[in-house]
Amino acid sequence: MHQRDGIRGPVRLILAVSVVAALAAQLAACSDDGTPSGTASKVASAASKAASAVSEAATRAGDAVASATAEARRKFDEFKGGVDAKSEVKTDGTASPDSDGRATVKVTATNPTSSAKSYVVQVDFRDQSGNLLDTTVVTVDDVASGGSKDATARSNRSLTGDVKTDVARAARH
C-alpha cells in the first residue's frame, strides 16, 4: 500500500473546491456593465478561505494516516520471529463509533497450531470508496491451541461515515 492511496480522496476534494472557487471568482468579478464588483472580491475571498481550509484539513488527514502507517510498521518490526497469519484473523468488517467518535471493530484470531500463540494484527479503516482513513495495530495474546480469542481494534482518531475494516496483515508467534 502506498501512502498516497490514503490521501487520494482529500486531494480530489481540494481540486474540486479550487475549481469551484476559481469559477465563482470569475463569475462574480464584474458587474453587468463590465466594471469590477465589490461583491466579487468578497466572493473570491470567501472561496479562497474555503479552499485553504479544505487544503489544511486534507493535509492534517494525510499526515495522520502517514503517522499511523509508520507506527504500524514500527510495531510489526518489533514483533520478531512471526509467521504470516493473515488467514487466521478476521474482523467484523464494519466499524462502530465509540464514545469518543473513534471507530472500533472486533478482531478474532483463531489458532490452528498445537500450542498457545500470540498475534499482532494491522487493521485498516477505509471509507466506502476504499480510501485509507486510518490504520492501527492490535495484539491478541495467548490464543489457546485450536481456540479463538477476540480483541478490539480502535482507530487513532475520530472517523465519520460508514467505515469498513480489513486485516492488512497479521503475524503469530
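**Entry 1**

I began at proline 97, which stands opposite alanine 103 in β4. This belongs to the pairing of β3 (residues 96-97) with β4, which is antiparallel and runs over two bridges. Since the model is predicted, I treat everything noted here as a reading of computed coordinates. I then followed the hairpin of β3 and β4, where four residues lie between the strands and glycine 101 takes a positive phi near 85°.

**Entry 1**

For β7 I recorded threonine 152 as the bridge partner of lysine 106.

**Entry 2: the open sheet**

I turned next to the four strands that form an open sheet, with the order β1-β8-β5-β6 and antiparallel pairing. The edges are taken by β1 (83-84) and β6, each of which has a single partner strand, so one side of each lacks a neighbour in the sheet. I checked the β1 end in more detail: two bridges join β1 to β8 in the antiparallel sense, and aspartate 84 stands opposite alanine 171 in β8.

**Entry 3: the chain as a whole**

Stepping back, I listed two helices and eight strands for the protein, and along the sequence the pattern reads α-α-β-β-β-β-β-β-β-β. Of the contacts with a separation of 6 or more, 67% come from residues 24 or more positions apart. I also noted that 35% of the 173 residues count as buried, and that the accessible surface comes to about 9800 Å², with 52% of this surface belonging to carbon and sulfur atoms.

**Entry 4: the nonpolar core**

Which residues have the most contacts inside the largest nonpolar core? I found Val89, Tyr119, Val121 and Phe125, in a core of 21 residues. The elements giving two or more residues to this core are β4 (102-110), β5 (117-126), β6 (132-143), β7 (148-158) and β8 (164-172).

Is glutamine 122 buried or exposed? Glutamine 122 has its place in strand β5, and because its relative accessibility is 9%, under the 20% limit, I count this residue as buried. Its side chain makes polar contacts with the side chain of aspartate 124, at 3.3 Å, and with the side chain of threonine 135, at 3.1 Å.

I looked up glutamine 128 next, which is found in the loop between β5 and β6. Here the relative accessibility is 54%, over the 50% limit, so glutamine 128 counts as exposed. Which residues does glutamine 128 contact, leaving aside its neighbours within four places in sequence? I noted Asp162 and Lys164. With aspartate 162 there is a polar contact of 3.5 Å between the side chains. As for lysine 164, its C-alpha atom is separated by 7.0 Å from that of glutamine 128, although the two residues are 36 residues apart along the chain.

Notes. Residues are numbered from 1 along each chain as its sequence is written. This is a predicted model: local features need pLDDT of at least 70, side-chain atom pairs count only at pLDDT 80 or more; totals for chains, interfaces and linings use all residues. Side-chain values use heavy atoms; hydrogens and water are left out. Buried means under 20% relative accessible area, exposed over 50%, partly exposed in between (1.4 Å probe, protein chains only). Contact means heavy atoms within 4.5 Å. Accessible areas come from the Shrake-Rupley method with a 1.4 Å probe; for residues, only the protein chains shown count as cover. A nonpolar core is a set of buried Ala, Val, Leu, Ile, Met, Phe, Trp, Tyr and Cys residues joined through side-chain atoms within 4.5 Å. Two strands pair if DSSP finds at least two bridges between them. A polar contact is a pair of N or O atoms within 3.5 Å; within protein, one must be able to donate a hydrogen and the other to accept it, and residues adjacent in sequence count only if both atoms are side-chain atoms.
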